[in-house]
Amino acid sequence: MGVLFQVLVFFFLGSFLHVIWRVLFSCWISPSRTHLKLRRNGFGGPSPNFPLGNYKEIKRNCMKAAVPSSDNNNNTTFTSSGSSKICNDIHSSVFPYFSRWQKAHGKVFIYWLGTEPFLYIADPDFLKEMSSGVMGKSWGKPRVFKHDREPMFGNGLVMAEGNEWVHHRHVITPAFSPANLKAMSSLMVESTTRMLDKWTALINSGNPEIDVEREITATAGEIIAKASFGMSYENGSKVFEKLRAMQITLFKSNRYVGVPFSKLISPKKTMEAKKLGNEIDALLFSIIKAHKNSNDGSSQKDLLGLLLREDPVNGMSGTKMLTTRQLVDECKTFFFGGHETTALALSWTLLLLATHPEWQNKLREEIREVTGDRETDFTKVAGLKKMGWVMNEVLRLYPPSPNVQRQAREDIQVNELLIPNGTNMWIDVVAMHHDPKLWGEDVNEFKPERFKDDLYGGCKHKMGFLPFGFGGRMCIGRNLTVMEYKIVLTSILTRFSLSISPAYNHSPAIVLSLRPANGLQLILQPL
Ligand code: HEM
């Protein structure tokens, strides 16, 4: 009995010490060692306190940035002529901590999310040097984000790596071909027309103020639901609502990604996201099953239908290209990657056009020249050049994807600096798009003509303009976005003129994407 008792005591004591050691190792010893190594490799940055890393400073700076600095706290000025101006100099308000650290440590430094080191990059030269020898398939995505965003993206294309990414990219790319996009243009016109009819009814009933961001996000959700799964909004709304709810659960709570055991801080939210994730998966599984069973050929036009074809354009005959599990993840990826980003590009555009009525007129003139009085379609939108400049300028000033992320899967040498295998990278797109050294002193002005004769808008460095990312992992949906953007904007501009509502409070914020924190209220007048 005595011996058994002793064995049990040793066992429990041993286990307890083992747990303590593991906690100590992952929370302090291992990150402290990495911190020292990175310092020795020449990387500076704010000093972390493990296990929180730099979270304290991040939260402190965010709170400071949220405090209004003057009486006119909405960053919108109305002039005597009734027109309005907004401040496009947004980097220090959306990323106050990066803006502060940049001043102290330059455009490349290390900061810490909990016990995870992140290499911050806002220097296109460094980025070019770093990425020049690395192929798309050799990049990783930060494991902490993969884990955190698992319910949203699963192992879909945004998160896939290595040969799995190559396979998915190869299978999915043909679905975004011009011929397939063309088939989607009529559903875009249809959804937009329904939204605009609703706006007209609202205006006629005496409500000319419309939160365009809310409206366009819903319509873009409808479009992506139809384009991805071939579903009507009514049928797709269950998936749509759950996907939105999950996004809010994941991103509106106080989060400490990278801090060990941080999920235990808000177990309710973690469970909620997991539950929603499972419900969405179940819905998508049934949608895919229904697609597989439908023989009428109509489903083939949407992205899912195209991915379900067994004999696709690219000559992969006979075999199923993606498993049902993989298709579920890709459907979620299209939804999250595709609808909000496009909706935000359109919403920020309407805001900038509301403050620049001369550009509303220029675009209307171009639309008249290019489309005549006929309905917009796929072939016509390519001719809307000025609209293309406006789109680029909006994506520069208000990039819906405010950063691009990578993880090194091998040691990378950049000049005299060695980036160790496993280092996370955070490329600050907002910072580069607002850098006067790259764009000139008028960097914060809305000047679509920058893009007139130059794909890079006169940026001094080709890696300084990255609204859709870079290299082999560049956004796969960009052509779909351009088409949707032009179709929706053409429809809006031909029916309404836009101005800012006094209710609008200009406060761009990051909730995964770069979005207006308090909606985007405009006054619309039928033309
Ligand atoms: C204005 C609209 C959009 C913006 C600003 C945007 C931005 C981005 C960015 C910055 C990336 C990361 C690229 C990188 O890591 O280098 C990305 C990747 C991706 N986007 Fe988009 N995107 C938009 C629209 C769409 C649409 C409409 C879809 C699909 C329906 C889509 C699907 C994807 C996918 C699947 C990836 C992962 C590509 C890969 O890693 O191979 N995006 N996007």
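**Around the ligand**

Modeller: Helix α14 gives the most to the shell around the ligand, with 7 residues. Helices here are DSSP runs of H or I with at least four residues, strands are runs of E with at least two, and both are numbered from the N terminus. Please keep in mind that this is a predicted model: local features need pLDDT of at least 70, side-chain atom pairs count only at pLDDT 80 or more, and totals for chains, interfaces and linings use all residues. Residue numbers start from 1 along each chain as its sequence is written.

Helix α14 covers 324–355, and both α14 and α20 supply at least two residues of the shell. There are 24 residues around the ligand, and Gly 337, Gly 338, Gly 469, Cys 475 and Gly 477 come nearest (a residue is near if its C-beta atom, placed from the backbone, lies within 6 Å of the molecule). By class, the shell has 13 nonpolar, 9 polar and 2 charged residues. Ala, Val, Leu, Ile, Met, Phe, Trp, Tyr, Cys and Pro count as nonpolar, Asp, Glu, Lys and Arg as charged, and the others, Gly among them, as polar.

Now follow α20, residues 478–495, to its partner α9, residues 178–204: the two pack at an angle of about 35°, with axes 10 Å apart. The axes are lines fitted to C-alpha atoms over the stretch in contact, and angles run from 0 to 180 degrees between N-to-C directions. Their crossing is right-handed, meaning that the near helix is turned clockwise from the far one by less than a right angle.

Which residues of α9 meet α20? From α9 come Leu 181, Ser 185, Met 188, Val 189, Thr 192, Thr 193 and Leu 196, and among those they meet in α20 are Leu 480, Met 483, Ile 487 and Ser 491. Contact here is a distance within 7 Å between C-beta atoms placed from the backbone. This contact has 9 nonpolar, 5 polar and 2 charged residues. An α-helix has 3.6 residues a turn, so residues three or four places apart point the same way.

Ala 179 is also found in α9. Ala 179 counts as exposed because it has 9 C-beta neighbours inside 10 Å; 12 or fewer is exposed, 20 or more is buried, and in between is partly exposed.

Notes
Two residues are in contact if their C-beta atoms, placed from the backbone, lie within 7 Å.
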